[in-house]
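Reader: I am new to this structure and would like to be guided through it by questions and answers. May we begin?

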Amino acid sequence: MRKSLYGGRARWRAALIWLKHVPGKPGLARRIVLRATTLLFVVLALGGGASFALTAVLIKEQVQGSLRHEARLAAQRIELEVGNVYQHALAMAESPLLSSSLTDTAAGRGAYLAPFLQNDVLARQGATLALLDFTGDPVSVAQAEPGAVEVPPSTVDAVLLRGEVSATLVRSNGQGPYQLQILVPVKLPDSQQAEGVLLVRADLEQVAALMPDEHSHTLRFHLLLTDAGTVLIGGEQRTALFSVREPVYLGAPFADRQLFLEVGVETAGVLHLLGLWLASYVAAGVLVLLPVLLAVRRMARKLTAPLAQLTSRVDDICDSGRLDFAWEYPANDEIGRLGQSFRTMVERTARVQGELELRVAERTHELQQSKEQLAHSLRFAQSTLDGLTAHICVLDANGVIRSVNKAWREFAIANGARPERVGAGVDYLAVCGAGRGQAGAAQVAQGLGKVLHGEQELFEWDYACLSPDRLRWFRLRASRLADGVGGVVVAHEDISATKLAEAALQDRNDQLDTLLSSSPDGLLSVDAEGMVRFANATFLRMTGIAPAAILNRPEAVLDECLRRIADDPTGFPGLSCLRGAGGQEEAPRHLLTLADARHSVLAVTGACSRARSVRRLYYFRDVTHEIEVDRMKSDFLATAAHELRTPMASIFGFSELLLADDFDADTRRDLLQTIHQETDKLVTIINELLDLARIEARRGKDFRFQPVEPAALVRRALGALAIDAATWPVATFGMDGAPAVWGDPDKLYQALLNVLSNAVKYSPDGGPIAIRIISGEHAHAGGVGIQVQDAGIGISAPDLARVFERFFRADTSGKIPGTGLGMPIVKEIVDLHGGEVVVDSVFGQGTVVTLWLPVRAFGDRPGMPGTAPAATNRPVQASIV
């Protein structure tokens, strides 16, 4: 043991250093001495430490008990002395001499008051005594230090008013020793009215009379502290190893002052006592340790002498190399038996050595033959590798190249690699790691590491290589060698031709996918087994069928899905009717009407092929618009023919009457007037049809866009209609401050004129008409609205949904003239301006029509941004809906 258990003590360290250098040759004897000494030292240290700790505890308990007793005595002495001062002050205040002096003259009381105060026992001990009047001024003073009587008038007033004693601790000017100050009210003998105050001020340290115990063997100190830790007596706090605190109770006047008396023993005295005890324990331990050490040393040398002799014999065998051992020690103890056993072991070892030399010679011959066979196998394996076209190398378990084939060397040298960096001994993993910045280098290094560590059996990676002057593709394949061999075979195979073929095939597939995905028609393919293999996005969007519901499912499932979405499931015969018969490649078209909101119509056709993967192909085309256009065209022609035939029949009938008979002038005039009215109605219908057709055909190309003031537009329309104010009073709102809209003034005038004329005609009994221009925060989408509100017959909810249909009229009685084309023309004009027409109506209460127009141009149509001539006064046909 070479280090002391108590390293902090210099004396123990010196003792162990001596033990370390015990004379004699290092060996077992020395270790025995050191260990015995260490054990004895530990026992002595533990025993001495325990005794020392017990002694320290006893000393601590004795000192603390003495301190508690002394603190209690000192606290009682302080309480007694302060109580005596307090009682003496009360007795003086009740003296008739003091109370009489308050009513006496200054000359009269000067003869007896000052000697009375100065001869008092407190004044003789150094206390300050003073009699104060009711203003706080001193009447007479007996003091050790002149000028020390300073009491705030408020304190004197408080004592006189309450008639109670005031006892506090004060310091002169906030410094110096603490003083005990007692203010006692002095009352007149007759009225018992407090007219003065007796002041008693004494040093607290003199009153307490505290001092250290000079006869004690340790240094003690006394401190009188407040509850906040302020030292009142005893100077500054000192370092104490042991200290106790004892509360001090000063009586009723001092009830608000909580004091403590601290009595302690300074650290130096206690440590000196403990040091003496420690020195005595150390001296005793040394006296015990040295004799035992000498005895142990002598015994250890005697025990280890035979072992030293045995060691010498063993050293001779090691130095000479001859297995010859002589031993004279008697075998009557453990050491003797050890020597005999060692001699027997040497003899047996000599015999085994001869046998081993013979076996080594035999195995050396066998090893030479195995090396020749291995060299032949390696040459054969290398020849086999050189005959392969792939670039192959063999790695060991650490990723270092064992061997490479001819193709590997030629490829590496052709691509600029140094010959010494190609063959065996190169760290292939380090080479891969050096190319981390190249694409795929990190994946290759990681994959090779997994194969080397046995995490996976095979790793493959395709990469492009510019070698040496053209881009080629290679496939890296790394596989583990057989179990027990360790290592990895890495092969780089040229797959450029395969990659080119795959690229061409992928390009064709991408083109085909693009064509099929961008096709406006839905496409479906079914293979030879009748399974749905493909459905483009257009078909899925048309039908709303989920891909998982039909893909890789039989064709019957597709038929069932189509029947579920058909408007007439029983009328759909299935896709089998589109396959054709007798080798036909195409079948007739079938119309499938869907049960969606717009009743979409799909035209389904089929085609067949001989390809196994695409045996049948189905086309789904959305012909809803074409069918709807055909229906609307038929409805329009029927409605237009009906509307035109009515006035034509009147004209034809009345003209026949004029030609057949000779009527008088009045009758003839009436007939001609009727013919003129019907002709005017016919012209109006034809003009509105032409206007509507022109607007739809040109789509606003003939509009002359410019800033248009909404207020001017309203005034122009009102001036053209000349509405009878008595029957239809017109009120306008928001005519000032509205921003200009961007549009064609004549077209907007025509639209507003149609709305105003409807407001008049559909109010046959009259009623107010309100015209509002809406702008600012109330505007819709940042535009300007022109709103026309009437109190006419209104429109029912079903008719309101058809208000923009051509030739539709809410009035079916025929009493209100109109063609049913006015509101369609209004909608077309406002839509081409980028606005919106909003119609709200309550049947029997009236209608509100709002034309929302944009403030700026909404498109780049020809003619929109440029300047255009101002609005003209050319006539515009207005119609009544």
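The questions below go from the whole chain to single residues.

Reader: How many helices and strands does the secondary structure of the protein come to?
Author: The model is predicted. The protein has 881 residues, of which buried residues make up 36%. Its secondary structure comes to 23 helices and 26 strands.

Reader: In which element is confidence lowest, and in which is it highest?
Author: The mean pLDDT of the protein is 75, and 78% of the residues reach 70 or more. Two stretches stay under 50: residues 213-217, with two contacts beyond four places in sequence, and residues 857-881, with 63 such contacts. Among the elements, the lowest mean, 45, belongs to helix α1 (residues 10-20), and the highest, 90, to strand β24 (residues 784-789).

Reader: Which residues touch the most other members of the largest nonpolar core?
Author: In soluble globular proteins, nonpolar side chains tend to be buried together. Here the largest nonpolar core has 50 residues, and its largest share, 13 residues, comes from helix α2 (residues 28-93). Apart from this core lies another of 37 residues, including Val 741 and Ile 829. In the largest core, the members that touch the most others are Ile 182 and Leu 224.

Reader: Which parts of the chain does the salt bridge of Glu 246 and Arg 72 link?
Author: This is a pair whose side chains meet at 2.8 Å, N to O. Glu 246 is buried because its relative accessible area, 18%, is under 20%, whereas Arg 72, at 23%, is partly exposed. A network of salt bridges links Arg 72, Glu 79 and Glu 246. The pair of Glu 246 and Arg 72, 174 residues apart, links strand β8 (residues 240-248) and helix α2.

Reader: Is Arg 472 buried or exposed?
Author: The side chain of Arg 472 meets that of Asp 494 in a salt bridge (3.5 Å, N to O). Arg 472 lies in strand β13 (residues 471-480) and Asp 494 in strand β14 (residues 488-494), so the bridge ties together parts 22 residues apart in sequence. Asp 494 counts as partly exposed, at 38% relative accessibility. For Arg 472 the relative accessibility is 14%, and this residue counts as buried.

Reader: What separates Lys 827 and Asp 831 in helix α23?
Author: The side chains of Lys 827 and Asp 831 form a salt bridge at 3.3 Å, N to O. Lys 827 is partly exposed, with a relative accessible area of 31%, and Asp 831 is partly exposed at 30%. Because they are four residues apart in helix α23 (residues 822-832), their separation is about one helical turn.

Reader: Which strands do the buried residues of α7 pack against?
Author: In helix α7 (residues 153-162), Val 156, Val 159 and Leu 160 are buried. Their arc around the axis is only 95°, so they are on the same side of α7. The face turned away from that side carries the exposed residues Ser 154, Leu 161 and Arg 162. The buried residues pack against β1 (128-133), β3 (166-171), β4 (178-187) and β5 (194-203).

Reader: Which residue takes a positive phi just after α7?
Author: The helix α7 covers residues 153-162. Just after α7, a positive phi of about 70° is taken by Gly 163.

Reader: How many Å apart in space are Asp 203 and Gln 125, C-alpha to C-alpha?
Author: Asp 203 has its place in strand β5 and is partly exposed, at a relative accessible area of 21%. Leaving aside neighbours within four places in sequence, Asp 203 is in contact with Tyr 178 and Gln 179. Asp 203 and Gln 125 are 78 residues apart in sequence, and their C-alpha to C-alpha distance is 9.9 Å.

Terms used. Residues are numbered from 1 along each chain as its sequence is written. This is a predicted model: local features need pLDDT of at least 70, side-chain atom pairs count only at pLDDT 80 or more; totals for chains, interfaces and linings use all residues. Side-chain values use heavy atoms; hydrogens and water are left out. A nonpolar core is a set of buried Ala, Val, Leu, Ile, Met, Phe, Trp, Tyr and Cys residues joined through side-chain atoms within 4.5 Å. Buried means under 20% relative accessible area, exposed over 50%, partly exposed in between (1.4 Å probe, protein chains only). Helices (H or I, at least four residues) and strands (E, at least two) are DSSP runs, numbered from the N terminus. A salt bridge is a side-chain nitrogen of Lys or Arg within 4 Å of a carboxyl oxygen of Asp or Glu. The arc is that of the directions from the helix axis to the C-beta atoms. Contact means heavy atoms within 4.5 Å. pLDDT is the predictor's confidence in each residue, from 0 to 100.
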